[in-house]
Every structure is written in C-alpha cells, then in structure tokens.
Amino acid sequence: MTKFGYKLILLILVISSIGVITIYSCTQSHPSLAGRLLYLRQIKWIFIGLTCLFIFSLISYHRLWDMAYIFYAIGVILLLMVTFTGLIRLGAQRWLKILWFNFQPSELMKLIIVIFLARYFSRADSTLGSRVHSWGFIEAVLIPFIFVCLPMLLILTQPDLGTAIFIFIIFISILFIAQVNYKFILFILLGIVLACPLLWQLLKDYQKARLLVFLNPNIDPLGAGYTVIQSKIAVASGWLFGKGWLAGSQSQLHFLPESHTDFIFASFAEEWGFLGSLILLLLYYFLIRYTIKVAQRSSDCFGRLLASGIGLILSIQIFINIAMTIGLAPVVGLPLPLLSYGGSSLVVTFLSLGILINIEKRIAF
Amino acid sequence: MTRLQIFHRSIKVVFIFLCLALVYYQIIQSKRYQQLSQANRIRILPQPASRGFILDRNGRLLAGNTLSYNVLITPEGTSFPADEITRLSSILSIPARQLKSKYNEGYTAPFVPIVLLRGISLSQAVTIGQFKYDLPGVSVQAEPKRIYPLGSLASHVLGYLNKIDAWRLEMLKEYGYKLQDLVGYSGVEEVYDYILHPRDGGMQVEVDNKGRLRRILGFKSPQGGRDIELTIDLEIQKIVYNNLNGHTGCVIILNPFNGDILALEAFPNFNPQVFQENRPSLINSLLNDPDSPLFNRAINGLYPPGSIFKIVVATAGLEKKKIHSQDRFFCRGDMQIGNRKFGCWKMHGWQDIISAIAESCNVFFYNLGLRLGPQSINEYALKLGFNQITGIDLNGESTGFIPYSLWERIKRRQRWFAGDTANMSIGQGEVLVTPIQVARMMAIFANGGILIKPRLLKSIRDGDRIIDFPSKHGIKLQISKRTLNIIKEGLIAAVNESGGTAEILSDMRVSIAGKTGTAQVANARAHGWFVGYFPVEKPRFVICVFLEHVGSGYYCCRLAKNIIEQMLEKVYCD
C-alpha cells in the first residue's frame with residue numbers, strides 16, 4: 001500500500017463515518033428495533049467494502065482489461081435475473097437476493113460499464129489511445145452505444161429511469177475523455193435534444209410527474225412535490241451551524257422521506273448547517289481530485305480511462321444527488337456515494353476506489 | 001488543454017455551483033425555511049371554551065350551552081379513506097356521497113383533521129367509539145354548543161349566533177376572533193358578544209409527519225365567556241309571548257323609572273337554535289320568508305303612530321300655551337281645511353283637551369295642530385324622543401321620522417300645506433315611529449317628565465362576582481308639572497270614562513292609564529296601537545302593544561288587557 005493509498009482510505013473512512021453518524025441520527029426514532037440498528041448494518045457494509053477495496057487494490061487492473069467483457073456479460077446476466085426473479089421493493093424491481101443479503105446489480109453495472117468502455121477505447125494500443133479521435137462514427141460511437149444500450153434498457157424496465165440516464169451520461173462523458181471526435185459528441189447531444197418530445201411520450205406517468213415537479217414543486221405539494229419541498233426545508237432551515245446532531249426536526253419527525261438513503265444530504269445539512277455541508281463538499285472534492293490526479297498520471301490509456309471513469313461515477317452522483325435535495329435537479333433514485341444507506345452502492349464505491357489505488361500503485365513502476 | 005483538464009475544471013465549477021446554491025438556501029433564504037420547518041412540526045390543538053350564559057333578571061336561563069359531538073377524520077397521506085367513509089355512512093345513516101364531499105371540502109393537508117359531521121347524537125358518538133379499531137383516523141370531539149332552551153321565546157332580544165363572516169372577522173380580528181368562530185349576529189348575542197365570547201385555549205404540541213403528538217410545548221387554558229343577566233323578566237316575557245303568539249306585531253313592557261326592559265317580544269320570530277343545527281334549508285327559509293321573522297319590529301319597525309301622536313300635539317299645545325285646559329273645540333265629525341275635508345271617526349260635539357285625548361277626537365287636534373304649526377309639533381316630538389334612537393342596547397335601531405316644512409320643500413320640492421299639518425297632528429302623513437320610541441314616550445308621563453334610556457343588560461357575572469350595570473340617568477325634560485298632569489288625566493280618562501277609547505281596560509284590579517291609536521296605511525287594514533302605564537297611583541310598568549293590520553287599536557287594548565290580567569295573577573301580587 002502506498003502513501004497515496006492510506007490517504008485515500010482515511011478520506012473515504014471519514015466520509016463514510018459521517019454517513020454512519022447521519023444514518024444513526026435519522027433512524028434513532030424509527031419504530032422498529034431493526035430500523036434503529038440500520039447504522040450497525042452500514043458499519044458492517046463498510047467492513048465488507050474495505051475488504052473488497054484491499055482485494056482489488058492487490059489485483060492488477062490489467063487483469064480487469066482481460067476480464068472486461070466477462071464482467072460485462074455477468075452484469076447483464078445479473079440484470080436479467082433481476083428482471084425475472086428480482087425482489088420488488090418500493091414499487092421497483094431492483095434487488096436480487098444473494099445468499100443472505102439483497103443486492104442491487106444496477107449499482108455494480110455502473111462500474112462495469114466504466115470498465116467496459118475503458119477496455120473498449122483502449123483496445124487499439126496500451127499507450128495513449130491517441131488514435132481514437134480518428135475513429136469513424138460507427139466504431140467510436142455506435143458500437144459502444146449498442147453495448148451500453150442493453151443494460152440501460154434492462155435498468156429502464158426495473159423501472160429505474162435515474163440510473164439509466166446516469167449510465168448514459170457516463171457514456172457520453174467517457175466518449176469525451178477517450179478523445180472521441182468532438183463532432184460526434186455534439187451530434188449525439190443534438191440528437192437527444194431533438195428526440196426529447198419522443199422520449200417524453202415513452203415516460204411513465206410518475207416519471208413525467210417527477211420531471212414536471214422538478215420544474216415547479218408546488219404543482220403537487222402533497223404528492224410528487226412533497227419530497228422536494230420537505231428536503232429544501234430541511235437543508236435551508238439548517239442555517240450556518242445547523243440544528244445539531246439528533247435535533248433536525250425534518251428528519252427526526254419524519255417529514256423528510258428517504259432521510260437516510262437518497263435524501264441523506266438533506267438530513268446532514270439540517271443538523272450540521274452550512275459549515276458542515278461545506279466541509280462535506282470539500283471532502284468529496286478532494287476524493288474526486290484524487291481520481292483525476294491518478295488519471296492524469298496513469299501511464300496507459302486503460303488506466304487513465306478507468307480512473308477518470310471512477311471519478312465520473314462519483315462526481316455525477318454527488319452532483320445530481322445534492323442538486324436534487326435542493327430542488328435543482330429532478331428527483332431520481334441516485335444515492336450519495338459513501339453517505340447514503342445501502343450496501344450495494346457502498347461496496348461498489350469502495351471496490352472502485354480499490355481499483356483506483358491499484359492504478360496509482362502501478363504508476364510508480 | 002487536455003480533455004482531462006477540462007474535466008477537472010468542470011468538476012471545480014460544479015462544486016463552486018453547489019457551494020453557491022448552499023449559500024443561497026442555507027444562509028440567504030434560511031429564515032423563510034426555518035419558519036416552514038416550524039410550521040411543519042408545531043401544531044396548535046384548540047381547546048374550545050364555552051360561551052357565557054344569558055340569564056333573565058332573576059337568574060333564570062335564557063341561553064346556555066350543551067356539549068355537541070363532532071366526527072373528525074385525519075387523512076393519512078393523500079389517499080382517500082373510502083373504507084372509513086363507507087363505515088361511517090352506515091353508522092350515521094348519512095349517504096357516503098355527502099361525507100365524501102365534506103371530506104373534499106375540508107381537506108387542507110395530510111394529517112390535519114377534517115370535521116366530517118357536526119352535532120351527532122351521544123349514542124352515535126358512543127357507537128363510533130366502539131368501532132374505534134375498525135376506523136383508524138376517525139375520532140369524536142366534544143365541543144360546547146349554544147342552546148336556547150326556550151325555543152323562539154325572546155328571540156329578538158337574544159339574537160342568534162353564526163359563523164363569523166369576512167367583514168366581521170376583519171373588524172374583530174385584533175380582539176382575538178378567529179376564522180370559524182361563532183359570533184352574535186343580532187340581539188344581545190351581537191351587542192354583548194365581547195362579554196359572552198369565550199377565549200379559546202389550546203396546546204402547542206410538536207408532531208411528527210403522521211400528526212402524532214411527540215411532546216407538549218405550551219398550554220394556554222381556555223377561558224369561558226362571562227355570563228350576563230338581562231333586565232328581562234322571564235315570567236312576564238312568557239305571558240307576552242303566549243298572548244302575542246299568532247299575531248304580527250310586538251309588545252314592550254318596561255320600567256318607566258330606570259328603563260329596564262322587562263319583556264320585549266316581536267312576531268313573527270325565529271328559533272335561534274336553527275343556526276346551531278347546520279341546516280341550510282331552514283336558515284334559508286328564515287332569510288327568505290316574506291314576513292321577515294328576523295326583523296325586530298319593536299326597534300326596527302317604522303309605523304305611523306296614529307292617535308298615539310296626539311299626546312305629542314297636546315303636550316306641545318299646553319307647553320306653548322296655545323290652549324288652556326278649559327279651551328274647547330266643537331267636533332261635527334269632520335272639518336274643512338283648505339279645499340279638503342278631514343274626517344273624525346265620530347261626532348264628538350264639544351271637546352276639551354282631556355276628553356279629546358280620552359275619546360281621541362281628530363277635529364280637536366286638527367284645530368290645535370293648526371294653531372301650533374308644524375315646527376312646534378316637530379320640536380315637541382323631538383323633545384319626547386322621536387326621530388332619534390332610544391339607545392336601547394340592540395343594534396340597528398331605526399330613528400323614525402318626524403316631518404317638517406323645510407324637509408318637504410327640499411326633498412319633495414313641494415309646499416307645506418295646512419292639510420299636512422292636520423295630518424301630522426293625528427300622527428298620519430309622513431310621521432313614522434318605532435314601538436320602542438312610543439313606549440319610552442309613555443314612560444315620560446308615568447315617571448313625571450324624565451326621558452329614560454331603555455336597557456337590556458342588568459349585570460355581568462364574572463366568576464362569583466356580579467358587576468351591576470348601572471342604568472343611565474334619564475334626561476329631565478323641561479315640561480311643566482301642570483302639563484304632565486293634564487295629559488295624565490286624559491290618559492286616565494281614556495281608560496276610565498265612558499266613551500274613552502280604552503274603556504275595556506277599566507274594570508281591572510289595577511288602575512291603568514293609556515292611549516289607543518289606529519294608524520291608517522295605504523291599501524291595507526290599519527295598524528293598531530295601545531300604549532299605557534299602570535298602576536296609575538304608583539306607576540311600575542309601561543306597556544306598548546302594536547299589531548299590524550288589525551283594523552283598530554281596540555284589538556291592542558284587548559291584548560293588553562289579557563297580558564295585564566295574567567301579570568296580576570302571576571307576577572304583580574301586591
């Protein structure tokens with residue numbers, strides 16, 4: 001383990017401890033004992049996550065290059081299993097029962113897509129992939145898009161619009177970082193804008209409602225807009241220093257739904273105020289800066305794409321999640337990495353940071 | 001710049017953007033959201049207090065309170081509680097459709113209770129209590145409710161209660177009145193609302209998102225309204241009510257010395273309870289009734305006084321020295337004034353002032369009126385309390401009207417003729433008075449020249465303390481004793497001498513003085529008046545009886561006779 005590795009582990013442990021503290025606060029007035037002990041389960045997931053982190057920091061990431069298409073196949077199979085045998089919770093079929101725990105394959109798929117795309121764009125040579133920008137549209141965009149489309153559609157049917165869109169954003173961003181021709185990317189973005197009316201027709205009613213509510217939460221203050229309004233109240237009533245730990249009335253009295261999962265930032269901001277939120281944002285910024293530093297210093301194209309892909313997963317989730325709690329993004333089911341309660345997201349995040357440590361380790365040689 | 005550097009830059013921009021957004025919400029907008037957060041968790045649970053009682057002068061109950069039971073439902077989330085509504089509809093035997101519309105009307109937010117139905121019976125409340133576990137979210141709340149145990153008795157004195165309306169709320173807001181409060185709309189319920197009105201208390205509690213109580217933050221104990229004692233004597237009021245029932249008109253009995261209203265009844269009347277029962281059809285029928293039962297004829301009704309007004313003309317004549325007690329006029333049954341013939345109801349022959357009052361001779365008063373002129377009559381009418389409110393503690397009293405020549409000129413663009421004066425002298429033409437004004441005028445002759453102020457409030461009970469409400473001192477009028485005595489003689493003669501218009505009141509155990517009146521109205525039967533006082537030697541009561549369209553004052557005398565007889569039996573025993 002390098003010095004960088006220890007610093008990174010310290011940073012993610014600090015962030016995930018903040019998560020545990022916030023989960024404890026949100027759930028301590030939960031009616032059931034199991035509900036009150038959720039923070040212990042989160043600690044357990046952190047230990048499992050740390051184990052994965054160590055394992056993947058030891059496995060050379062070049063092995064991932066070899067395995068990328070196999071991972072992709074496993075990911076798709078898991079998603080298919082969800083579609084046919086998955087657990088239905090909160091009206092969506094996203095979970096898979098594996099051994100004693102419930103697992104959310106779409107969380108893993110986020111990472112697999114990144115590995116897959118990194119592998120795809122670095123296949124030509126293992127140095128700097130400078131040839132990618134001379135690829136044609138089919139090779140640079142269409143083929144990887146077809147591969148991305150399959151898991152995306154499977155996730156859409158769960159239904160989980162948020163994660164599906166998230167994967168698409170990851171796709172576009174990696175195209176950008178992989179030096180794909182600017183014109184192609186602009187072309188895709190233009191295509192999306194033009195396709196918007198058509199896509200709108202394909203959305204389910206509750207998805208349309210969420211998007212409309214994002215534009216104006218007050219059209220349905222008790223239904224779809226309720227969460228956004230309550231979450232804004234929670235964040236904004238925190239003021240400079242917050243209401244104090246265990247004293248946030250929005251989360252303690254359950255006005256804020258999903259206070260320990262998707263809306264955990266609102267719970268945190270209510271109790272710790274602007275200063276707490278600022279510190280949390282800074283910690284997240286340091287984490288992402290590490291991934292970018294590693295990407296910049298990585299000697300080969302695969303490592304560079306992989307590291308920046310991991311950075312993308314983290315930063316886009318953080319941005320959408322926080323923007324969503326203050327009403328600046330539509331409500332989609334994206335967790336806040338390392339903070340939100342939930343094993344799948346936590347373990348996958350730890351795992352991907354393990355990969356990052358490994359990439360960093362190889363730079364030295 | 002490489003694409004990775006661009007990526008790094010955009011990450012920085014995104015984080016700065018998030019920081020700025022947090023500055024905006026958590027610092028700039030924080031005050032507003034803190035209030036919203038308070039509003040989320042803090043609820044006020046009102047604890048209704050009861051309205052003060054209204055009692056008669058001897059402490060007997062005129063308006064009180066009882067407990068009423070309301071059915072409340074607390075909506076959980078946004079879904080409609082169809083199950084509970086169906087069950088409730090079968091328990092209460094009310095169509096589910098009606099309950100549903102109440103639910104939709106009352107819905108404001110999840111976990112805010114909605115009143116589905118007011119005033120269910122105790123047994124229904126108990127039944128709902130038994131089904132408590134099948135009816136989550138449904139609760140029964142007891143609330144004090146106004147009752148009027150005597151039905152429509154004294155309804156025009158008591159008035160009625162109703163939900164506060166927009167302009168009353170605007171006016172009374174700063175005195176702590178709230179939306180949904182009940183306030184008096186007429187009668188003493190309205191005038192003394194500030195005494196009767198309860199100060200609701202309440203608990204300030206912290207609740208969670210399901211509206212469940214977490215802890216109590218504060219408590220303000222409810223304060224009931226204070227009770228008031230009226231000057232009304234329930235016994236007399238009952239007698240009056242029973243006698244007047246079925247007629248259209250009013251009866252006022254008051255104490256001529258301090259102005260205490262002992263009985264005031266006007267018909268048609270209404271049952272103030274109707275407004276408490278939430279039955280819009282009944283309320284609407286009251287409001288739209290052509291007989292206007294909500295209209296208090298005793299203080300709002302404007303009627304020509306007819307011969308009652310002769311007392312004013314006689315007083316003016318004696319005081320202005322236009323006539324002596326011995327002066328006589330000859331009545332041929334009619335009199336030529338200008339180019340019109342003015343009639344009398346009978347050929348009276350020679351009449352002095354006493355017999356003219358007693359026999360109500362029109363010709364005598366035509367002559368006297370013409371000697372006085374309209375200005376003097378007007379002056380004395382005002383002196384005796386007409387054309388102004390009496391100041392009784394009821395709202396919306398009418399002032400009445402006494403014409404004068406300048407008014408005729410300005411408003412009508414007509415000249416004042418001698419015929420107008422003649423009409424005015426016998427209380428016809430433009431003269432309009434209210435029954436309470438007539439009763440007050442009679443009190444002047446009963447009490448020896450004092451213009452009293454009628455009153456309804458005797459005392460306020462604040463806990464065990466009784467605060468007496470002093471009667472207002474009357475105004476001592478500048479009328480000579482001699483004049484008063486001559487008029488009194490006329491009033492006594494009207495009852496006691498043969499040929500007097502109120503002769504049927506003569507053979508009673510008590511001596512009565514009074515004057516009848518028959519007020520002609522266009523295209524309908526005449527109104528009848530009787531106003532008098534008794535006992536003559538030591539006056540205790542002034543009685544004013546007014547009946548619409550009965551033809552003559554005779555019927556009023558008969559009604560007065562029945563009332564006085566019954567009063568002698570039950571109340572006035574010495």
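Helices here are DSSP runs of H or I with at least four residues, strands are runs of E with at least two, and both are numbered from the N terminus. Please keep in mind that the model is predicted.

**Chain A as a whole**

- Chain A contains 14 helices and 3 strands.
- Of its 365 residues, 52% count as buried.
- If you take the contacts in chain A between residues at least 6 apart in sequence, 69% of them join residues at least 24 apart.

**Helix 5 of chain A**

- Helix 5 covers residues 105-121 of chain A, which makes 17 residues.
- From the first C-alpha to the last, helix 5 of chain A reaches 24 Å, close to the 24 Å expected at 1.5 Å a residue.
- This helix is mostly covered, with 17 of its 17 residues buried.

- A:Leu338, the residue from the opening, has a phi near 70°, a positive value in a residue other than glycine.
- A:Leu338 has 27 other C-beta atoms within 10 Å, so this residue is buried.
- A:Glu258 is not a glycine either, yet its phi is positive at about 55°.
- You will find A:Glu258 in the loop between helix 11 (249-252) and helix 12 (264-297) of chain A.
- Is A:Glu258 buried or exposed? A:Glu258 is buried, because 21 other C-beta atoms lie within 10 Å, and the cut-off for buried is 20 or more.

**Where chain B touches chain A**

- The contact draws 28 residues from chain B and 35 residues from chain A.
- On the side of chain B that touches chain A, the elements giving two or more residues are helix 1 (3-28) and helix 2 (30-41) of chain B.
- Which of the elements gives the most to this side? Helix 1 of chain B does, with 14 residues.
- Sorted by class, the side of chain B that touches chain A has 15 nonpolar, 9 polar and 4 charged residues.

**A three-stranded sheet in chain B**

- Chain B has an open sheet of 3 strands in the order 1-8-9, with antiparallel pairing.
- Strand 1 (42-47) and strand 9 (213-220) of chain B stand at the edges; each has a single partner strand, so one side of each is left without a neighbour in the sheet.
- From one strand to the next, the twist averages 30°.
- Strand 8 (residues 201-207) and strand 9 of chain B run antiparallel and are joined by 6 bridges.
- To see this pairing at the residue level, look at B:Val207, whose bridge partner in strand 9 of chain B is B:Leu213.

**Two cis peptide bonds in chain B**

- B:Phe267 and B:Pro268 are joined by a cis peptide bond, with omega at about -5°.
- B:Pro268 belongs to the loop between strand 12 (261-267) and helix 11 (280-288) of chain B.
- The peptide bond from B:Phe534 to B:Pro535 is also cis, and its omega is near -15°.
- B:Pro535 lies in the loop between strand 22 (524-534) and strand 23 (541-547) of chain B.

Technical notes
Residues are numbered from 1 along each chain as its sequence is written. Chains are lettered from A and ligands numbered from 1 in the order in which they are written. This is a predicted model: local features need pLDDT of at least 70, side-chain atom pairs count only at pLDDT 80 or more; totals for chains, interfaces and linings use all residues. Two strands pair if DSSP finds at least two bridges between them. Axes are lines fitted to C-alpha atoms, for helices over the stretch in contact, and angles run from 0 to 180 degrees between N-to-C directions. The expected span of a helix is 1.5 Å times one less than its number of residues. A residue is buried if 20 or more other C-beta atoms lie within 10 Å of its own, exposed if 12 or fewer, and partly exposed in between; C-beta atoms are placed from the backbone. Two residues are in contact if their C-beta atoms, placed from the backbone, lie within 7 Å. Ala, Val, Leu, Ile, Met, Phe, Trp, Tyr, Cys and Pro count as nonpolar, Asp, Glu, Lys and Arg as charged, and the others, Gly among them, as polar.
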